[in-house]
Amino acid sequence: MRAAEAVACLHCDLLQRRVTPPLHGVALCARCGAVLYRRPGGGLDAALACTLGAAILFVAANALPLAELSLRGQQASATLFGLAVAMASGGEAPVAALVLLVTLVVPALHIALLLATLVPLRLGRSSSVARWSLRRASALRTWAMLDVLLLGLLASIVKLSAVAALAPGGALWALAATVMLRTAAAASVDSADLWARLEPGR
Amino acid sequence: MNPGSAAAYGLLVCEICALAQRPARAAAAGCCVRCGARLHLRRPDALARAWGLLLASALFYVPAYALPIMQSNSLFGAQSDTILSGIAYLWASGSWLVAMVIFVASVVVPFAKLAALTLLLATAQRRSAWRQRDRARLYRLVELTGRWSMVDVFVVALLAALLHFPPFAQVTPGPGAFAFCAMVVFSILAAAAFDPRLTWDSAAGARQAR
């Protein structure tokens, strides 16, 4: 087997011959069943469009209120940044730092790094900046928890609407759209394909 | 090393960009020729690190469930809720779906994860060939589900951010939130430190290869 035809499974290290899966299909490891690579239909344009959309909507998700509550004639609203602030003012500084990281800093960084990868690729350039960005982005992925946050927000809104007059805010919709666009972006390109395009000297 | 593996062919596989390469080709010592990430045959000290992080995570299980994750104050008195009493309250007040989501994410997943990682680490350490494909599937499940345990922390964060009407009604996070976060973070790090390829580096496989 020549190295170019061979692919190793990251989950079990089995070296196997590269095959081309059908469009929208996946290639699974022959031994452990992990996904080796996919052949998505979207392509670079779709990934870039979705990531740009996610970036814009994530800004909106930070600017608008997540929810508004009225109780005994008083009004209160919470923003994404306010979640960490509430934890910090409640005396839980380490928890506040973690919440700030996984709901705001890491997701913003992740989107920025993906843009720094996709924009040069779309312009037909393979730069060391793009390679550095994609490497950092894949290391950060687990810690960008917008999808988990969205589930938590929905759960607490159901919980709160039982005791108070609660209106979901614009940020909730923006956040839901950000999560969907990020998922769509990830589904439109395969990282193995991105890395092949980013090969130095191409 | 297991037969048919890249390692058995003398190839190192980059964990970031998946390029299989000969160690000698690496431009900077120990780094991937394509993406520049550190190259390892297997994640360094995978078992020792994963055991250590798993133990750190396990230490926080008792305080995470025993200490209150939030305190509610109102004119009628103060109330402390642990994760479990919060779920019981949701269930009793008729929000079954939300109660179930929180129960699965913050009770079932953490305990299943602790058991699964213990099993994966113990079998990999003994270089066991027992049900390798199922163990591989279990690891992928652990990797996928671990982060969803954070749901309850976000619930407390939104309640604390929104319910801030002193002295009528106020929610503040409790010390259980810290223990719970520590438990979840250490268990995610433990899963990341373990190398799933060790599942396949079994003693039987090594004998076969010789």
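## Salt bridges and polar contacts

Three salt bridges are counted between chain B and chain A in this predicted model. One of the salt bridges between the chains joins the side chains of Glu199(A) and Arg34(B), with an N to O distance of 3.6 Å. Polar contact links twelve residue pairs between chain B and chain A, both residues of a pair being at pLDDT 80 or more.

Several elements of chain B contribute to the side that touches chain A. Helix H3 (83-92), helix H4 (96-125), helix H5 (132-145), helix H6 (151-162), S6 and helix H7 (175-193) of chain B each provide at least two residues of that side. H6(B) gives the largest share, eleven residues. By residue class, the side of chain B that touches chain A is made up of 49 nonpolar, five polar and eight charged residues.

## Extent of the interface

In the contact between the chains, 62 residues of chain B meet 60 residues of chain A. The size of an interface is often given as the accessible area lost when the parts come together. For chain B and chain A, the buried area is about 5500 Å², and 73% of it lies on carbon and sulfur atoms. Of the area that chain B buries against chain A, 14% is supplied by Arg34(B), Arg147(B) and Phe154(B), more than by any other three residues. Arg34(B) is also the residue that forms a salt bridge with Glu199(A).

## Strand pairing in chain B

Strands of a sheet pair through backbone hydrogen bonds, either parallel or antiparallel. In chain B, strand S3 (residues 70-74) runs antiparallel to strand S4 (residues 77-81), and five bridges join the two. A hairpin of two residues connects S3(B) to S4(B). Ser74(B) is placed opposite Gly77(B) of S4(B).

S3(B) also pairs with strand S6 (residues 169-173) of chain B, in the antiparallel sense and over five bridges. Here Asn73(B) has Gln170(B) in S6(B) as its bridge partner. S6 of chain B is also among the elements that supply at least two residues of the side touching chain A.

## The sheet in chain A

Chain A has an open sheet of three strands, in the order S6-S5-S7, with antiparallel pairing. Its edge strands are strand S6 (74-78) and strand S7 (165-168) of chain A, each of which pairs on one side only. From one strand to the next, the twist averages 20 degrees.

Within this sheet, strand S5 (residues 67-71) of chain A pairs with S6(A) in the antiparallel sense over five bridges. Ser70(A) has Gln75(A) as its bridge partner in S6(A).

Key. Residues numbered from 1 in each chain as written. Chains lettered and ligands numbered in written order. Predicted model: local features only at pLDDT ≥ 70, side-chain atom pairs only at ≥ 80, totals over all residues. Heavy atoms only, no water. Pairing = 2+ DSSP bridges. Helix = DSSP H or I, 4+ residues; strand = E, 2+ residues; numbered from the N terminus. Contact = heavy atoms within 4.5 Å. Buried area = accessible area lost by both parts, 1.4 Å probe. Salt bridge = Lys/Arg side-chain N within 4 Å of Asp/Glu carboxyl O. Polar contact = N/O pair within 3.5 Å; in protein donor to acceptor, adjacent residues only side chain to side chain. Nonpolar A, V, L, I, M, F, W, Y, C, P; charged D, E, K, R; others polar. Axes fitted to C-alpha atoms, helices over the stretch in contact; angles between N-to-C directions.
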